[in-house]
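This report concerns the structure shown below.

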Amino acid sequence: MSEHAAKLKKVRIFVTDVDGVLTDGRFILDYAGKELKMFHVHDGAAAKLAASVGFQTVLVSGRRSEVVERRAKELGIRQVYQEADDKWKVVQEFMHKERIGADTICYIGDDLADLPVLRRVGFSVAVGNAVPEVKKAVDYVTERCGGDGAFREVVELVFKAQGRWKEIVERYTT
Ligand SMILES: [Mg+2]
């Protein structure tokens, strides 16, 4: 078994950055300070598929935005950490609370602030448009860019490696 395959098999939780991973990194700020972001429907569906086989999705954002709460609620994502200045500290607290090891976590990021987490989790992923330092540090770089189905690509990668994807697709084809 390759090193990647072994790492992928242990994943049970998807932990992802928000801006630049679930979005393309851009947001609209209106005159009243309200924020608008664009999410991809395939990423949302992936979070729901993950939940349907008992996998949690956790959001960790360095910023705070009401639309992130709104999107998480819509997808049934209960673990949302915003204004996380130190993302590794937040992930450590989450692991402690859930009594899980870093080897069960697949983390997806795009920028330098994600590096402390990416260097320590079981399987690390950079989106296609991540900064070069992040792309260099990870196990896998997605073909898709942030906000364009990168999260979906990761969920599929993990489930295919674990032999779960076929069974998920069969729900819709049989
Ligand atoms: Mg980011």
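The paragraphs that follow describe a predicted model.

**The magnesium site**

The magnesium ion is held by protein donors from D17 (OD), D19 (O) and D110 (OD), at 2.0 to 2.2 Å. Along the sequence, these donor residues follow the spacing D-x1-D-x90-D. D17 belongs to strand β1 (residues 13-17), whereas D110 sits in the loop between β6 (105-109) and α5 (115-118), so the pair ties together parts that are 93 residues apart in sequence. D17 has a relative accessibility of 4% and counts as buried, because the cut-off for buried is under 20%. D110, at 13% relative accessibility, also counts as buried.

| Residue | Relative accessibility | Class |
|---|---|---|
| D17 | 4% | buried |
| D110 | 13% | buried |
| K135 | 33% | partly exposed |

**Helices α2 and α3**

Helix α2 (residues 41-52) packs on helix α3 (residues 66-75) at an angle of about 50 degrees, and the two axes are 9 Å apart. With that angle, α2 is oblique to α3. On the α2 side the contact is formed by V41, G44, A47 and K48; on the α3 side it is formed by R71, E74 and L75. By class, three nonpolar, one polar and three charged residues take part in this contact of α2 with α3.

Which residues of α3 are buried? They are V67, V68, R71, A72 and L75. Viewed down the axis of α3, these buried residues fall within an arc of 135 degrees, so they line one face of the helix. The cover over the buried residues of α3 includes β3 (35-36), α2, β4 (56-60) and β5 (79-81). E66, R70 and K73, on the other side of α3, are exposed. After α3 comes G76, which has a positive phi, near 75 degrees.

**K135 in helix α6**

K135 is located in helix α6 (residues 132-137). Its relative accessibility of 33% places K135 in the partly exposed class. Leaving aside residues up to four places away in sequence, K135 touches A126, V127, G128, N129, A130 and V141. Between K135 and I77 there is a separation of 58 residues in sequence and 27 Å in space, C-alpha to C-alpha.

Definitions and conventions
Residues numbered from 1 in each chain as written. Predicted model: local features only at pLDDT ≥ 70, side-chain atom pairs only at ≥ 80, totals over all residues. Heavy atoms only, no water. Donors = N, O, S within 2.8 Å, 3.2 Å for Na, K, Ca; no water. Helix = DSSP H or I, 4+ residues; strand = E, 2+ residues; numbered from the N terminus. Buried < 20%, exposed > 50% of the residue type's maximum accessible area, 1.4 Å probe, protein only. Axes fitted to C-alpha atoms, helices over the stretch in contact; angles between N-to-C directions. Parallel < 35°, antiparallel > 145°, perpendicular 65-115°, else oblique. Contact = heavy atoms within 4.5 Å. Nonpolar A, V, L, I, M, F, W, Y, C, P; charged D, E, K, R; others polar. Arc of directions from axis to C-beta.
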